[in-house]
Amino acid sequence: GHGPRRHHPFARRHVLTGLASTTTALAALLLDVHAPALATYYSEPIVPPDNENVNVHVDELGFAVDFPAKWVELRDMELAREVGVMCSYLNPRDQSETLAVYRQQLDTKQNFTAASPTERYLGGVDAFAKRLVDAAPGQTLALARKRVQSDGLVMYDVAWTANGSTAGAFGSIYELRAITVDGDGVQWTTRGTASRTRWITRRAKDVETCVRS
């Protein structure tokens with residue numbers, strides 16, 4: 001399998017100009033994706049070999065993440081990597097649907113006696129999820145879960161709905177993050193978003209599958 005597998009809320013009229021930080025200091029790009037700007041800021045739709053349903057991004061740092069077929073990729077990854085964004089994809093047919101991977105070096109441990117790096121650096125999943133959701137107004141927690149993969153990697157799945165200015169033109173956004181910390185204290189986050197309507201009706205199931213892959 002892949003591992004660690006790990007874009008962004010939307011703000012009108014701001015293209016790569018805003019940064020938002022959670023209490024864990026995870027930077028998130030704010031992108032405006034008006035249709036005329038897609039060709040400027042994103043690649044052409046990426047079609048996987050043999051017309052399969054998913055593409056696989058493999059990074060030189062050794063992580064991999066699935067992303068849906070015919071999505072587009074953010075072009076200016078040099079700028080994005082300055083704020084820890086390792087890859088960023090968007091569904092050009094429904095711009096509420098996004099997928100990105102973030103990387104951040106952590107310095108402060110929350111629990112020195114925990115067995116896994118994820119728990120040592122982030123603390124318990126419930127308290128960690130609350131910090132993420134409380135970092136911006138209009139967010140309501142939907143999921144806070146710890147899971148252990150077959151290779152022993154401890155993952156935190158955290159999801160919430162965002163309304164108001166955080167959701168921008170989409171009215172209500174559902175965001176899911178799968179988060180782990182490696183032995184070097186590097187936090188890896190896979191982040192997927194979709195409109196709340198598409199998420200709860202399972203029309204964004206590809207996003208959920210890729211985040212948890």
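Colleague: What's the secondary structure of the protein chain?

Modeller: There are 6 helices and 11 strands in the protein chain. Keep in mind that this is a predicted model.

Colleague: OK, what's the mean pLDDT of the chain, then?

Modeller: The mean pLDDT comes to 79, with 77% of the residues at 70 or more.

Colleague: Where does pLDDT stay under 50?

Modeller: Over residues 1-34. The model does have 131 contacts beyond four places in sequence for that stretch. Still, where pLDDT is low, the predicted coordinates should not be read in detail.

Colleague: Which residues touch the most other members in the largest nonpolar core?

Modeller: Leu99, Val101 and Trp199, out of 22 residues in that core.

Colleague: And which elements give two or more residues to this core?

Modeller: On the strand side, E4 (64-68), E6 (85-90), E7 (98-105), E9 (154-163), E10 (172-181) and E11 (186-195). As background, nonpolar side chains tend to be buried together in soluble globular proteins.

Colleague: Switching to aromatics: how many aromatic pairs does the structure hold?

Modeller: It holds 4 aromatic pairs. Take Phe67 and Tyr89: their ring centres are 3.7 Å apart and their planes sit at 10 degrees, so that pair is stacked.

Colleague: Which parts does that pair tie together?

Modeller: Phe67 is in strand E4 and Tyr89 in strand E6, so the pair connects parts 22 residues apart in sequence. Phe67 and Tyr89 are both buried.

Colleague: What about Tyr174 and Trp199, why do they count as stacked?

Modeller: Because their planes are at 25 degrees, with ring centres 4.5 Å apart, and planes under 30 degrees apart count as stacked. This pair links distant parts of the chain, with Tyr174 in strand E10 and Trp199 in helix H5 (residues 196-200), 25 residues apart.

Colleague: Is Tyr174 buried or exposed?

Modeller: Buried, because its relative accessibility is 13% and the cut-off is under 20%. Trp199 is buried as well, at 8%.

Colleague: Now the loops. Where is Pro48 found?

Modeller: Pro48 is in the loop between helix H1 (35-41) and strand E3 (54-58). At 4% relative accessibility, Pro48 is buried.

Colleague: Which residues is Pro48 in contact with, leaving aside its neighbours within four places in sequence?

Modeller: Val54, Asn55 and Ala69. The C-alpha atoms of Pro48 and Pro68 are 8.9 Å apart in space, and these two are 20 residues apart in sequence.

Colleague: Last one: where is Ser116 found?

Modeller: In the loop between E7 and helix H3 (117-122). Ser116 counts as buried, at 8% relative accessibility. From Ser116 to Asp182 is 8.7 Å between C-alpha atoms, though the two are 66 residues apart along the chain.

Conventions. Residues numbered from 1 in each chain as written. Predicted model: local features only at pLDDT ≥ 70, side-chain atom pairs only at ≥ 80, totals over all residues. Heavy atoms only, no water. Core = buried A, V, L, I, M, F, W, Y, C linked by side-chain atoms within 4.5 Å. Buried < 20%, exposed > 50% of the residue type's maximum accessible area, 1.4 Å probe, protein only. Helix = DSSP H or I, 4+ residues; strand = E, 2+ residues; numbered from the N terminus. Phe/Tyr/Trp six-rings, centres within 6.5 Å; stacked < 30°, edge-to-face > 60°. pLDDT = per-residue confidence, 0-100. Contact = heavy atoms within 4.5 Å.
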